[in-house]
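The paragraphs below describe them one at a time.

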Amino acid sequence: TVPCVRLLNATHQIGCQSSISGDTGVIHVLESEADLEWPLSKGPNPPYMVLLESSLFTKSIMMKMKNASSRVAGVVVVQKTSPPEFSPHTTCPNENTGVYTETYDHNLAHCNTTVWNPRGNGLSYEEFDSPVFSLKEDNETEVIKQCYFDHNRVVNGSGLQYPLCAMQLFSHMHAVTDTATCMRRSSMDFSTSPVMVCDPLGGYNVCAFIRPYNSTAFGHKENESVVIAAARLDSRAFFLEDSTGAEGSVSGFVTLLAAAQALREATQEAPPTRNILFAFFHGEVFDYIGSSRMVYDMKNNMFVIDLDNVHSILEIGQVKTLRSGTNLFLHSDPVSRRNNTVTNLVKNLQSSTAGLNFSLVETDFSQPLPPSSFQRLLRARAIPGIVLADHQTDINNRYYESFYDNAAHLNLTYPSNLSPEEQLEFVTDTAKSLTEVATAVARALFKQAGGNNSQVNKINADPKTVTQMLYGFLVRSNNSWFQAVMAPELKDILHTLTSIKKVLGSSLRCVFCLSEPNPPQYYVGVAKSSHQANALTYLVQYLLANLTGTATNLTQSQCKKPDELPNESTYLYSYLWVQGVVPPNSTQRESFCVRTAVRLVKAVSPAFDLGDYISKEYSTWTKSQWKFIKARIFLVASRDLEMLTLGVGVAVLFTSLLVTYFVRTKADVLFSSVREPNNAAY
Amino acid sequence: MNLERLPNEEKLTLCRKYYFGGFAFLPFLWLVNVVWFFKEAFVEPTYTEQLQIKTYVKRSGLGFLLWVAVLTTWITIFQHFRAEWGEVGDYLSFTIPLGIP
């Protein structure tokens, strides 16, 4: 079961809440929209617990049920067929925290010119005061439906016979109103154990320079010019823990990872004049947590470079599979277009597609940037940049930020007779087209960084890497390649955890871990106080380390303390001990130490560091805590029977009181004393 | 403690102790005073100290009613408006309920 939980920001609370002792309702399986009459008005036994299939999970049905909350105790969504299109996100994502504010350009603010997500129904940002759960179609769901068919079906329009099958959902959230209130309540400690009510969202950004800097030296670097290649890691869905984001985010960061690998050899042989930073931002869906943090760090000299060092930015947005002959589009900002600073970057990009099966087309000059991390950098400084995407105007992803944006949506199909290991190696068409995009991106970055033009055609992305990454991120993350690149202590996170029952607030106790091979969760999650990232961050970190770093001969103990060796430096590099592959004739893994420039940079919104919980500038998203979340079904008796039982009980109580009183007053009459004949015999 | 067995002076001293004790923000002492000494003050046949006990009981009763009025008013206002008072309401509370404003 995946619940819908409560999130809060500076002004609103969104999501779902149940009452503290759970919400009970008689189960009703919804067959069509017209069938809503029964729970909303006609049914004789309110409140109802409405069970609907995913094709009926639409905004109109949900809003009707929201308005009748006295008759609808909760909603359960069963994931079955996907509707033709569904996007629960808002129509204008991140509209207040991007670059297009009233002051920047009045006409471009609030999606006045281009509505980026026209299919968006905003369901993820609605507030429900009854619980909403999501179930997969498996044995448990069959039990529920069977219970409904046995007890709750209406026979020929006549009334239902009690006992009826009912369901109770518990998802009581602790936080209310908005972030400022819940953070204030979390920090007030009158008792010995303060109750934490909510946690800020956040995680870690993954960053890697091709020429690393001393990681302790923050601030401006003289004569250093950096090209930033950015992508976002996270996505969301209505049910947060069901986020997949195949087209929305995975396609982008897999392309950038492949481009990073393609650039490794060329940049080591002939290093370009400018440095390149590969930045994978986390938390971008929730008002640009990762990128706003990086900009804040750069402005306050808490990052190894600052904004003056940034030369230009290339961001990889969503890049879906291309049929041959289709194009990808280069989005830029109209206001900075007027200064002609972007033309060089565009030229480099367009010339990089020579010999490949697609071409890059610029979008209309008056069209603003789509929602992207580049907007946050632009908000701080007018840096030239391009966002690469597969849509010319609005985002054409039918399942933008929903749980249908999965491998099937990316046309990731494998022939049916392959084993999982063979599927891992099989190069799909999607992988082939993403490889071409990655090649173009890598070449463009090389040229933009001032690399030698003669080397450019040797830069090629590896389709095998791309298809393995797509398989691991979208189909099954517990595969041999991912196991080989991970650290030994982290290998368990690959058994990813789609059904995590969070016990005791925010500490992630895995009470019911599925060891099913599922893709990792893409929702950014809460920022943990210990230095622990979520599975996705570690995967990207270790993959980037493997693809851009070098294997060394260090032993495991040397890998932990490399500073003692003459040629190694933890200022510049980080040293990761990874599991390695299992050679064909043995069972032991050949683990080794990777020297890499990849670092994890904390990505928590600056609003929480500054204590400004009503900030309009930065993301203020927090997630509520809860005690437990569970669901159960049982048979419930009619109200009349309950009242009768209670009445009989009370009557028995009073009768017994009366009888006791009478017996007490008439005790001497009832128990006339019989003289014991032999009481003096002892 | 059974009041029947006490001599009258001791009854008066007890009643006085409870009366003065209630001024230390202890309205329950006044309630106990009223309930306990009611029979003594108004039902029993007259004796010398009864007049004093009567005054003490009456004043304890008045004091208790005053406390009830004040506390009821404050509790009603607080319960009704705590959510609207936002920060002030939270700082005045000892335990804040979870999940509701």
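A disulfide (a pair of cysteine sulfur atoms within 2.5 Å) joins A:Cys147 and A:Cys165, with the sulfur atoms 1.7 Å apart. The torsion about this S-S bond is about 110 degrees, so the disulfide is right-handed. A:Cys147 belongs to helix H3 (residues 139-151) of chain A and A:Cys165 to strand E9 (residues 164-170) of chain A, so the pair ties together parts that are 18 residues apart in sequence. Helices (H or I, at least four residues) and strands (E, at least two) are DSSP runs, numbered from the N terminus. A:Cys147 counts as buried at 14% relative accessibility, and A:Cys165 counts as buried at 0%; buried means under 20% relative accessible area, exposed over 50%, and partly exposed in between (1.4 Å probe, protein chains only).

The model is predicted: local features need pLDDT of at least 70 and side-chain atom pairs count only at pLDDT 80 or more, while totals for chains, interfaces and linings use all residues. Residues are numbered from 1 along each chain as its sequence is written, chains are lettered from A and ligands numbered from 1 in the order in which they are written, and side-chain values use heavy atoms, with hydrogens and water left out.

Over all chains, the structure holds five disulfides. Another of them connects A:Cys182 to A:Cys198, S to S 1.9 Å, and is right-handed, with 75 degrees about the S-S bond. This pair links distant parts of the chain, 16 residues apart: A:Cys182 lies in helix H4 (residues 179-187) of chain A and A:Cys198 in strand E10 (residues 198-200) of chain A.
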